[in-house]
Amino acid sequence: MNQIITIQTNHPKRIPHGWILYTAGDSSLNPHYIRLYENACEKRGMSVWLGMYEPSLLCDEGALQRLRTLLVCEAPAFVINRTRDYRLAELLEAMGICVYNNSRVARLGNDKAQAYRYMIQRGIPVMPVLYGLEEPPRWYPAVAKSCDGHGGTQVYLIRDKAMWEKWKAQMLKEAAVCTGQLKQYVIQQAASDLGKDVRAYLVGGRIAAAVLRTSETDFRSNYCLGGSVELYRLSAHERELVQRAAAGLSIGMAGIDFLFHHGTMVFNEIEDMVGARGLYSLTDYDIVDEYIGYIQEEWEHGAEKSKDL
């Protein structure tokens, strides 16, 4: 029987009990990382089970009813959504489940066009941006990014108009051959300091740590692409910028990435399904443990409020 969510593990259930969800077949699923969540829960008398999500069933009414039944039977107090699908978060939220990160953060983290518009409205500095491929860049070099790309994938450095025309023709050709539908892209002026960015880690909306990522061989500085990483001390101005970018989003745990343009930080993206390999390689600080502690506090606060009603 087809299920929207299939629970993969069956450790003892404790209260509060939650799920950590990945999309079926997701290559980013890391057993060691899952174990960090399980350990952090166990030490607090909590539990978390791994579940697989099948997005193709989200509009299947029979599968939706089975999900409602599963939620009633298993009654997770919280869901850690690592599927990158804001629609799933919206569905669970509508069913009364606390979701980390919430649907708003998940949407901004997986649609760069939405994220840039949001930050621009809030006065957060963003490199000049065009939405879609209708207009050629007004500046070179430019960086083309698919709206839903992650980990430095589907990001292209375009140095001049000839390269732009060649790249655009290739994208149109691939879309016609593969799917018949062109991916959504944003085109930005390249920041002056290529191969360098800062990731600020936030837990419970608070800045927990920051790392500087650099690459000597690529304009992308992602750790997973071979970039180097070191702890970074945010200046007072930079901390204020990160806090303004995060304000009002109710972030559970996420990364907010900033580029450098002539020495000044500018917003790049929100990573709602943030990884922490680089951070763990630099320090004994356990960000997952702090994240679960935050979720526990949220649950206990909610339980106390329920008693008072």
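Among contacts in the protein chain between residues at least 6 apart in sequence, what percentage join residues at least 24 apart? In this predicted model, the share is 68%.

The protein chain contains nine helices and 14 strands. Its C-alpha trace spans about 60 × 45 × 35 Å along the principal axes. The radius of gyration is 20 Å, which agrees with the value near 19 Å that a compact globule of 309 residues would have. Of these 309 residues, 49% count as buried. The accessible surface of the protein chain amounts to about 14900 Å², and carbon and sulfur atoms account for 50% of that area.

In soluble globular proteins, nonpolar side chains tend to be buried together. The largest nonpolar core of the present model comprises 32 residues, of which Met119, Val242, Ile251, Ile256, Phe258, Met265 and Phe267 touch the most other members. Two or more residues are given to this core by each of helix H4 (103-109), helix H5 (112-121), helix H7 (236-246), strand E10 (196-203), strand E11 (206-214), strand E13 (253-261) and strand E14 (264-271). The greatest contribution, five residues, comes from H5. When residues up to four places away in sequence are not counted, Met119 touches Ile124, Val126, Ala245, Phe267 and Ile270. A second, separate core contains 31 residues, including Met46, Leu50, Phe78 and Met253.

The surroundings of Ile80 were also examined. Ile80 is placed in strand E4 (residues 78-81) and is buried, with a relative accessible area of 1%. Apart from neighbours within four places in sequence, Ile80 is in contact with Trp19, Ile20, Leu21, Tyr37, Tyr100, Tyr291, Ile292 and Ile295. Ile80 and Ile287 are separated by 207 residues in sequence, while their C-alpha atoms are 14 Å apart in space.

The structure holds 15 salt bridges. One of these pairs Asp289 with Arg44, with the closest N and O atoms 2.9 Å apart. This pair links distant parts of the chain: Asp289 belongs to helix H9 (residues 287-308), whereas Arg44 lies in the loop between helix H1 (31-42) and strand E3 (47-53), 245 residues apart. Asp289 is buried, with a relative accessible area of 16%, whereas Arg44 has a relative accessibility of 23% and therefore counts as partly exposed.

A further salt bridge is formed by the side chains of Lys112 and Glu269, at an N to O distance of 3.5 Å. Because Lys112 lies in helix H5 and Glu269 in strand E14, the pair ties together parts that are 157 residues apart in sequence. Lys112 counts as buried at 8% relative accessibility, and Glu269 likewise counts as buried at 12%.

The salt bridge between the side chains of Glu135 and Arg138 has an N to O distance of 3.2 Å. Glu135 is partly exposed, at 42% relative accessibility, and Arg138 is exposed, with a relative accessible area of 59%.

Cys41 is buried, with a relative accessible area of 0%. Cys59, by contrast, is exposed, with a relative accessible area of 74%.

Definitions and conventions:
Residues are numbered from 1 along each chain as its sequence is written. This is a predicted model: local features need pLDDT of at least 70, side-chain atom pairs count only at pLDDT 80 or more; totals for chains, interfaces and linings use all residues. Side-chain values use heavy atoms; hydrogens and water are left out. A nonpolar core is a set of buried Ala, Val, Leu, Ile, Met, Phe, Trp, Tyr and Cys residues joined through side-chain atoms within 4.5 Å. Buried means under 20% relative accessible area, exposed over 50%, partly exposed in between (1.4 Å probe, protein chains only). Helices (H or I, at least four residues) and strands (E, at least two) are DSSP runs, numbered from the N terminus. Contact means heavy atoms within 4.5 Å. A salt bridge is a side-chain nitrogen of Lys or Arg within 4 Å of a carboxyl oxygen of Asp or Glu. The radius of gyration is taken over C-alpha atoms; the globule rule is 2.2 Å times the number of residues to the power 0.38. Accessible areas come from the Shrake-Rupley method with a 1.4 Å probe; for residues, only the protein chains shown count as cover.
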